[in-house]
Amino acid sequence: MTTIEQLLSDVPFFSTLAPEHIELVAGCGSNVHFDEDEVLFREGEQADNFYLVRHGVVSVEMFVPGRTTTTIETIEAGEIIGWSWLFPPYRWHFDGRALGPVRATSFDGACIRGKCEADPALGYALMTRFAQVLMERLQWTRLRLLDVYGDGSRR
Amino acid sequence: MTPRPFHVVRRRRDTHDTWTLELEPHEGPPLDVGPGQFTMLYAFGVGEVPISVSRTEGPLLVHTVRAVGAVTEAICAAKPGTVLGVRGPYGNTWPVEEARGRDAVIVAGGIGLAPLRPALLHVLEHRRDYGAAALLYGSRTPRDLLYRSELERLSARPDLEVRVTVDAADDEWRGNVGVVPKLVGEARFDPANAVAMICGPEIMMRYSAEALIARGVPASSVYVSMERNMTCGLGYCGHCQLGPTLICRDGPVYRWDVIEPLMAVRQL
């Protein structure tokens, strides 16, 4: 059976961490499964973890009053979802829903924060990785704001 | 410079603003068109625009046109029997021969799928000559997706990876939501042995090329199709000049490492 430590070694987000850091992070993780349409987290609820999606697709959604729930983004296998566990008040800002069967590894936020405080090198390594994810998502969001598929030139 | 008369044989609505027209020459041989080439399509009395060929089939010349102005609106409104003028084909082709023996990655955004369709069909018609094949396609919303039934058929093929995304989902959409360049990181191909062909809005092509290069695809194996104000199609008028190159004559398909420095010049 593959251990969480082995799983993390194969995922780009974690694979370049030092082996002792992978071991520390793996100690805060547990494997979870969600059925289709099952909610992983809901806006406003306590954000006490983040996920590595290992199989399936998670839809990041927002409830807009007067409209139906809107999908903001989809997160695929190999990607990380969730950073609200990092910052007070530790509350989810969006809903996360499984678009089909999802296998993921859930990491306990308090456990990770505790280990990062005890080992600043781990904290720095993890923060730079989360910053990279944040930067990419911000870039993609900015690109969507441009509405690049607009009408273009009139001819 | 004299357009040949073609008549509309069939017209199909693809999206709320995009139509596919099948054209047949009044007389004479069909056009010999390479994947990625375009024609100058003339709506008599209205004007002429460059439109990429989205398919050829026997004598038929197929164009997918988005109605964004007076000329394209007139072309999209052309019912069967209507006569349109055709000049060309013009321009160079996608590097389908260079890609032979390698993985073919086709990255399309919006109406950019139309110029890439002949390259995709070429790869599929000669499937054994290529390694992995991937189509990564994105549009603004699900209702803007081109060739939806064809995409569904292609998705069922075991020898082609099809990934589709939209910038903004509607209630029925169960697929990816996000930008096309993000799909590059998820597709299965060997970056060192891949040839990528990209067509879409310029900024989407830039981000997609950067994502491909970040994955390890050499810049010299990434190709984009450029669009500028092509008027004559023959390199005479200079309207489509981009620095030292005329897109109608030297392009529209360019290697990324050749065209990227010019795309970065804001005055061009």
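## A buried helix in chain B

A residue counts as buried if 20 or more other C-beta atoms lie within 10 Å of its own. By that rule, α2(B) is mostly covered, with 10 of its 13 residues buried. This comes from a predicted model.

The length of α2(B) fits expectation. The helix covers residues 113-125, and at 1.5 Å a residue its 13 residues should span 18 Å. Its end C-alpha atoms are 17 Å apart, which agrees.

## Chain B as a whole

Chain B has seven helices and 15 strands. Its C-alpha trace spans about 50 × 45 × 35 Å along the principal axes. A compact globule of 268 residues would have a radius of gyration near 18 Å. Chain B has 18 Å, so the two agree.

Buried residues make up 49% of the 268 residues in chain B. Now take the contacts in chain B between residues at least 6 apart in sequence. Of these, 69% join residues at least 24 apart.

## An open sheet in chain A

Chain A holds an open sheet of four strands. Their order is β2-β7-β4-β5, and the pairing is antiparallel. Why is one side of β2(A) and of β5(A) left without a neighbour in the sheet? Both strands stand at the edges, and each has a single partner strand, so one side of each has no neighbour there. From one strand to the next, the twist averages 35°.

Strands of a sheet pair through backbone hydrogen bonds, either parallel or antiparallel. Here β2(A) pairs with β7(A), residues 95-98, in the antiparallel sense over two bridges. V39(A) has R97(A) in β7(A) as its bridge partner.

## Where the chains meet

How many residues does each chain bring to the contact? Chain A brings 18 residues and chain B brings 24 residues. On the side of chain A that touches chain B, β5 (69-75) and α5 (120-145) of chain A each supply at least two residues. β5(A) gives the most, with four residues. By class, this side of chain A has seven nonpolar, four polar and seven charged residues.

Notes
Residues are numbered from 1 along each chain as its sequence is written. Chains are lettered from A and ligands numbered from 1 in the order in which they are written. This is a predicted model: local features need pLDDT of at least 70, side-chain atom pairs count only at pLDDT 80 or more; totals for chains, interfaces and linings use all residues. Two residues are in contact if their C-beta atoms, placed from the backbone, lie within 7 Å. Ala, Val, Leu, Ile, Met, Phe, Trp, Tyr, Cys and Pro count as nonpolar, Asp, Glu, Lys and Arg as charged, and the others, Gly among them, as polar. The radius of gyration is taken over C-alpha atoms; the globule rule is 2.2 Å times the number of residues to the power 0.38. A residue is buried if 20 or more other C-beta atoms lie within 10 Å of its own, exposed if 12 or fewer, and partly exposed in between; C-beta atoms are placed from the backbone. Two strands pair if DSSP finds at least two bridges between them. Axes are lines fitted to C-alpha atoms, for helices over the stretch in contact, and angles run from 0 to 180 degrees between N-to-C directions. The expected span of a helix is 1.5 Å times one less than its number of residues.
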